[in-house]
Amino acid sequence: MSQRIQISEVGPRDGLQSIDRVMPTAAKKAWIDALAAAGVSEIEVGSFVPPKLLPQMADTAEILTHALGKAGLAVVALVPNLKGAERAIAAGAHKISIPFSMSETHSIRNVRKDHAAMLDEIAAIATLVAEQPKGRRPQFDVGLSTAFGCTIEGPVPEDRVVRLAEAVIARGVSEVCLSDTTGYANPAQVRRLVRAVKEATGADRLNTLHLHNTRGLGLANVLAGLDEGITTFDSSQAGLGGCPFAPGASGNIVTEDLVFMLEAMGLDTGIDLDRLIAARAIISEALPGEPLYGFTPDAGVPLGFRKAAQ
Ligand code: ZN
């Protein structure tokens, strides 16, 4: 048996919230259906932010209910605060995730909360989660965003990330994730920071990396994470959403290329690459003209490529 690596598809959230156009609800459902049919076993389906702020996410509750109907699919929702967490729990999310910016300036500008206020919000959500009856209690993760650098503050000190990761775990959160929101990370930094956070919080508290491919280092950073025991990677089909500060660069790392790399290395993602690539048609039909990224879909699956699981 080859080692299982979990891919968490974040396109319906991170990808779609980064583009101005709104994908129609029916297309979102068809996309999630196609992803699940290709073997994607975890999808971040949306964000419980006020629709005034992000109209692209206004149908998140309906999308989440639809995704819950897919047997074996872990359904994740992003929440910006306690109110969002209440809505996500009411909707029945399996996992909720809140972004916590390691850059205090970025945090204040984005959610008008400094680090102390964010830690209070996280503690309140952890309490709410703990109060849920066992069968309805979601997993609660905190995404340590801008962990590798910030477009406003520049470099983010690694000891600050480690200290805040410890503070988050101390408030009853099950896992943290390191997020390269800005695409600043390099493989040496990924190795160092993953190791430091795992050492400080316990190896089982950090299993996930959220990487962007802004400067082309996304898959190199995945490899560095694999070497340090990371078992879950966030990625977006077609790198949807692109990057606002780097035209021509994909947003999140591209799921198709990630699946190709992992499977070619003999790791098991559970995903059928041909069926995954076919699902791109749903995006181009719903959002005509939207750039779709990825080398593997453009070049084609190599002759003789076999899924690791076969
Ligand atoms: Zn992101």
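Is Phe260 buried, partly exposed or exposed, and at what relative accessibility? Phe260 counts as partly exposed, because its relative accessibility is 23%; buried means under 20% relative accessible area, exposed over 50%, and partly exposed in between (1.4 Å probe, protein chains only). This is a predicted model, in which local features need pLDDT of at least 70 and side-chain atom pairs count only at pLDDT 80 or more, while totals for chains, interfaces and linings use all residues. Residues are numbered from 1 along each chain as its sequence is written, and side-chain values use heavy atoms, with hydrogens and water left out.

**Barrel**

- Eight strands form a closed barrel in the order 1-2-3-4-5-6-7-8, with parallel pairing. Neighbouring strands of this sheet are turned by 25° against each other on average, direction ignored.
- Helices (H or I, at least four residues) and strands (E, at least two) are DSSP runs, numbered from the N terminus. Two strands pair if DSSP finds at least two bridges between them.
- Strand 1 (residues 6-9) pairs with strand 8 in the parallel sense over four bridges. Ser235 in strand 8 is the bridge partner of Glu9.
- Strand 7 (residues 206-210) pairs with strand 8 (residues 232-235) in the parallel sense over three bridges. Leu209 stands opposite Phe233, and His210 opposite Asp234.
- Strand 8 is covered on both faces. Thr232 and Asp234 are buried on one side, Phe233 and Ser235 on the other.

**Zinc site**

- Asp14 (OD), His210 (NE2) and His212 (NE2) coordinate the zinc ion at 2.0 to 2.1 Å.
- Donors are N, O and S atoms within 2.8 Å of the metal (3.2 Å for Na, K and Ca); water is not among the atoms, so sites may look incomplete.
- Along the chain, the donors of the zinc ion follow the spacing D-x195-H-x1-H.
- His210 counts as buried because its relative accessibility is 7%. His212 is also buried, at 13% relative accessible area.

**Core and helix packing**

- The largest nonpolar core has 85 residues. Such a core is a set of buried Ala, Val, Leu, Ile, Met, Phe, Trp, Tyr and Cys residues joined through side-chain atoms within 4.5 Å.
- Ile96, Phe100, Phe140, Leu144 and Leu178 have the most contacts inside the core.
- Leaving aside neighbours within four places in sequence, Leu144 is in contact (heavy atoms within 4.5 Å) with residues including Phe100, Met102, Val161 and Leu178.
- Helix 6 (residues 115-131) lies across strand 4 (95-101) and strand 5 (139-145), at about 170° to strand 4.
- Helix 7 (residues 158-170) lies across strand 4, strand 5 and strand 6 (175-179), at about 150° to strand 6.
- Axes are lines fitted to C-alpha atoms, for helices over the stretch in contact, and angles run from 0 to 180 degrees between N-to-C directions.

- Helix 10 is mostly covered, with eight of its 10 residues buried. Among them are Leu258, Val259, Met261 and Leu262.
- The buried residues of helix 10 pack against strand 1, helix 9 (218-227), strand 8, helix 11 (273-278), helix 12 (280-286) and helix 13.
- Gly266 follows helix 10 and has a positive phi, near 90°.
- The structure holds one aromatic pair. The rings of Phe260 and Phe305 have centres 5.3 Å apart and planes at 45°, so the pair is tilted.
- Rings of Phe, Tyr and Trp (its six-membered ring) pair if their centres lie within 6.5 Å; planes under 30 degrees apart count as stacked, over 60 as edge-to-face and the rest as tilted.
- Phe260 lies in helix 10 (residues 255-264) and Phe305 in the segment after helix 13 (295-299), so the pair ties together parts 45 residues apart in sequence.
- Phe305 counts as buried, at 16% relative accessibility.
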